[in-house]
Amino acid sequence: MNILLLSNWAPGYYNFFNAFAKKMEREGHNIVVAVDSEFSREENRLDALGFKVYEFSSFFRASNLNKSLLKKYSKYNLNSALLSDFERAEVYGLWGKKSFEYFERLKSALLAYYEHIFEENKIDVVLYENVSNAFSHFAFFASRENNVRYVGLGMSRLPGRFFVSNDPLADHEQIENIFSMIRAGKIVPDLEVRQWAENYLDNIENIVPDYMRVNNLDKVGLFERYASFKKIGQLIRAFRHIGDDHEYAFQVGNPVLHIFNAVKRNVLRRIKQPLVGKHYQEIKATDKYLLYPLHYHPEASTSILCGAYMDEYEVIRNIAFNLPQGVCLYVKDHMSAFGYPSIDFYRRVAKLPNVKLIVPTAQTKKLIKKSLGVITLTSTVGYEAVLLNKPVFLYGDVFYRVHSNVFIVNNPLRIFDFLEEKLKAWVGVDFQYNVDFVCAYYLATKRGTLNFMLNEVDATELVSDAYFPLKAAIVGE
């Protein structure tokens with residue numbers, strides 16, 4: 001099997017994917033690598049693997065605009081695929097002002113790049129995490145057009161389970177199909193699976209998803225974040241690439257500036273945190289409220305799965321002025337993101353009528369249980385709310401949308417009528433329904449805990465532990 005491994009400057013991901021690719025190669029599979037830039041090529045130690053490496057920034061530099069190729073792919077939403085990298089570029093100050101022609105060339109070059117790799121290597125499978133940026137998004141488009149499987153690996157919300165998707169933009173379909181067959185009696189989960197689901201639901205209030213335990217985004221200390229040989233080595237390598245043509249390294253830009261802006265962002269976060277506190281408001285037992293959890297930015301869960309609603313202030317303001325009478329909106333800050341938004345953002349949210357800004361340390365599941373329901377873009381809070389038998393008003397596209405407790409917000413202009421209607425009519429589901437839903441999610445996932453942020457030794461050990469279900473998912477066994 002010919003496998004194309006995608007590689008870019010995601011923090012530490014290369015340790016896991018490199019180790020897995022080497023193990024696949026030892027079993028006779030042919031591995032080639034697509035990498036976004038010269039810096040990422042060195043940072044991810046790709047040349048040491050012995051694979052054929054295709055580096056995009058050089059390809060982009062030499063490419064001309066191919067209008068016929070853009071026309072060929074016009075059935076795909078090419079422009080939406082740029083949004084995730086645009087948001088990151090805004091946050092980390094990467095792009096500056098780009099011309100209209102630059103983005104047309106970028107789209108054209110990405111498509112030509114993947115078509116060239118597919119044709120030259122007869123690629124069967126593209127391997128990466130779920131679609132999370134333009135580099136992977138265009139690989140997904142090209143794989144669809146050229147009958148190549150895209151295999152996206154990711155953590156699930158279930159502890160000790162991971163998710164493999166062949167269509168990362170429609171994860172819900174796989175779970176929905178299994179769920180509908182369970183409800184119709186066409187699939188009967190084993191007793192072991194059903195007992196696992198029941199135990200999970202009984203303990204849902206105390207369970208933390210794997211990805212939240214390993215991402216370390218709640219750590220705000222600057223010394224522990226940056227005082228390491230690993231960070232110093234990364235900075236040295238970044239200086240080696242300070243003379244690269246950053247115009248074409250669209251995901252990295254100038255790596256030294258990128259690192260500087262990332263550090264600056266965390267320093268400012270640390271400075272702002274005491275100032276943010278004065279905008280948090282009191283939780284009262286007598287409040288009737290809907291719960292809105294703020295999201296972490298930049299992240300694929302918003303830019304990919306909910307791009308139209310990335311400006312959360314606008315979303316919150318619209319909800320605030322369309323709440324049912326006597327109901328307020330609790331806007332809970334994100335434990336991994338508090339302090340990143342501007343002070344002005346917090347000030348504007350806190351001054352909205354009918355809105356209370358809630359501290360990130362407030363116990364989320366207790367807030368869910370006492371709420372009338374949850375309004376969310378794509379968050380895990382929405383998933384937990386459906387299992388705690390609360391109505392969820394969902395703006396984005398996420399797997400739990402198939403649950404009966406979920407109501408899709410298709411028209412924000414009519415949110416008042418929508419909330420009034422659904423809250424009055426809502427009756428919830430029985431325990432068995434939730435058991436069936438968790439069983440469907442369990443059967444759609446694989447055994448293992450994926451952590452893409454491990455060091456080389458730990459990542460190699462993880463690959464050894466999870467290799468067989470991973471390999472089976474990729475080769476289609």
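Which residue lies over the face of Tyr102, and at what distance from the ring centre? In this predicted model, Lys98 takes that position, 4.6 Å from the centre of the Tyr102 ring.

**Aromatic pairs**

The count of aromatic pairs comes to 44.

Phe56 and Phe60 belong to helix H3 (residues 56–62), where they are four residues apart, about one turn of the helix. Phe56 counts as buried because its relative accessibility is 0%, and Phe60 is likewise buried at 0%.

Tyr76 lies in the loop between helix H4 (67–72) and helix H5 (83–92), while Phe141 is in helix H7 (residues 134–145), so this pair ties together parts 65 residues apart in sequence. Tyr76 and Phe141 are both buried.

**Strand S7**

Strand S7 (residues 289–293) is largely enclosed by the rest of the structure, because five of its five residues are buried. Tyr289, Leu291 and Pro293 cover one side, and Leu290 and Tyr292 the other. S7 runs parallel to strand S8 (residues 328–332), joined by five bridges; Leu291 stands opposite Tyr330 in S8. S7 also pairs in the parallel sense with strand S10 (residues 373–376) over two bridges, and Gly373 in S10 is the bridge partner of Leu290.

**Surface patch**

Leu235, Phe239 and Ile242 make a nonpolar surface patch of about 260 Å². Phe239 is in helix H12 (residues 229–240) and counts as partly exposed at 46% relative accessibility.

Terms used: Residues numbered from 1 in each chain as written. Predicted model: local features only at pLDDT ≥ 70, side-chain atom pairs only at ≥ 80, totals over all residues. Heavy atoms only, no water. Patch = residues over 30% accessible without salt bridge, like charges linked within 9 Å, V, L, I, M, F, W, Y side chains within 5 Å. Areas by Shrake-Rupley, 256 points an atom, 1.4 Å probe, with all protein chains shown as cover. Salt bridge = Lys/Arg side-chain N within 4 Å of Asp/Glu carboxyl O. Buried < 20%, exposed > 50% of the residue type's maximum accessible area, 1.4 Å probe, protein only. Pairing = 2+ DSSP bridges. Phe/Tyr/Trp six-rings, centres within 6.5 Å; stacked < 30°, edge-to-face > 60°. Lys NZ or Arg CZ within 6 Å of the ring centre and 35° of its normal.
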